[in-house]
Amino acid sequence: DQQVKQNSPSLSVQEGRISILNCDYTNSMFDYFLWYKKYPAEGPTFLISISSIKDKNEDGRFTVFLNKSAKHLSLHIVPSQPGDSAVYFCAASANYGGSQGNLIFGKGTKLSVKP
Amino acid sequence: NAGVTQTPKFRILKIGQSMTLQCTQDMNHNYMYWYRQDPGMGLKLIYYSVGAGITDKGEVPNGYNVSRSTTEDFPLRLELAAPSQTSVYFCASSRTGGYGYTFGSGTRLTVV
């Protein structure tokens, strides 16, 4: 059973507009969430993260929102640029008795930003 | 900064052959991981290690083995390659578990 779900395999937006990538999770023990970005033929690279004690974290054009009651997080990219075209993975981990567990990844969403 | 280095980048294996995927990191990270990525399936954890001499199974360990004799190196061994092991393999490391991982650039393996 998938614990981290990215239900949209792909998303296409126009350059300059907002991109919103969504992620849902089922494990209520998750307390740390991350977004990774992956270009073809490269490894995933860390983009932004959020702890469960926050509901928003911002870094330049990237903002992650966390809605714990809905077990939902989203990544907003404003404004979107063609260089943002990549696969975005949502990931989460849980704290088990003081030890942080391994990251669990979603299946990814392929973002295409059209000039 | 090298970060996490994986070799080889590409490999074609015949069914039943064996090979070792190499992974080394120069960040003195205690935690290391092996993931596989199948098309449209995200990243699945094969094995991980929390320090030299300590390894543990992840979600999909069957058909693989690992060892961690040093902090820097975490090789992944395929003993009897099967077509189901055709995938892209990523090695990653982190200072502590469950937080930001640094990934290598991957090894694309095809078993025919």
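**Reading the A/B interface and its pockets**

Mentor: Chain A and chain B bury about 1,400 Å² between them, with 60% of that area on carbon and sulfur atoms. Keep in mind that this is a predicted model.

Trainee: Which three residues supply more of the area that chain A buries against chain B than any other three?

Mentor: A:Asn102, A:Phe105 and A:Lys107, with 35% of it.

Trainee: How many residues of each chain are in contact?

Mentor: Contact here means heavy atoms within 4.5 Å. On that cut-off, 17 residues of chain A meet 18 of chain B.

Trainee: How many salt bridges and polar contacts are there between the chains?

Mentor: The salt-bridge count is zero. Three residue pairs are in polar contact, both partners at pLDDT 80 or more.

Trainee: Which strand gives the most to the side of chain A that touches chain B?

Mentor: E4(A), with four residues. That side divides into eight nonpolar, six polar and three charged residues.

Trainee: Now the pockets. Which residues lie nearest the centre of the largest pocket?

Mentor: A:Lys38, A:Val87, B:Gln37, B:Val88 and B:Arg108, out of 34 lining residues. The space in this pocket is about 750 Å³. E11(B) gives the largest share of the lining, four residues. By class, the lining has 14 nonpolar, 13 polar and seven charged residues.

Trainee: What is the volume of the second largest pocket?

Mentor: About 400 Å³. Its lining has 25 residues, and those closest to the centre are A:Gln3, A:Ile104, A:Phe105, B:Leu43 and B:Glu59. E5(B) provides the largest share of this lining, four residues.

Definitions and conventions. Residues numbered from 1 in each chain as written. Chains lettered and ligands numbered in written order. Predicted model: local features only at pLDDT ≥ 70, side-chain atom pairs only at ≥ 80, totals over all residues. Heavy atoms only, no water. Buried area = accessible area lost by both parts, 1.4 Å probe. Salt bridge = Lys/Arg side-chain N within 4 Å of Asp/Glu carboxyl O. Polar contact = N/O pair within 3.5 Å; in protein donor to acceptor, adjacent residues only side chain to side chain. Helix = DSSP H or I, 4+ residues; strand = E, 2+ residues; numbered from the N terminus. Nonpolar A, V, L, I, M, F, W, Y, C, P; charged D, E, K, R; others polar. 1 Å grid on protein atoms, 1.4 Å probe; cavity = no way out; pocket = protein on both sides within 12 Å on 5 of 7 lines; lining within 4 Å. Points joined across faces, edges and corners; volume = space filled by probe spheres on them.
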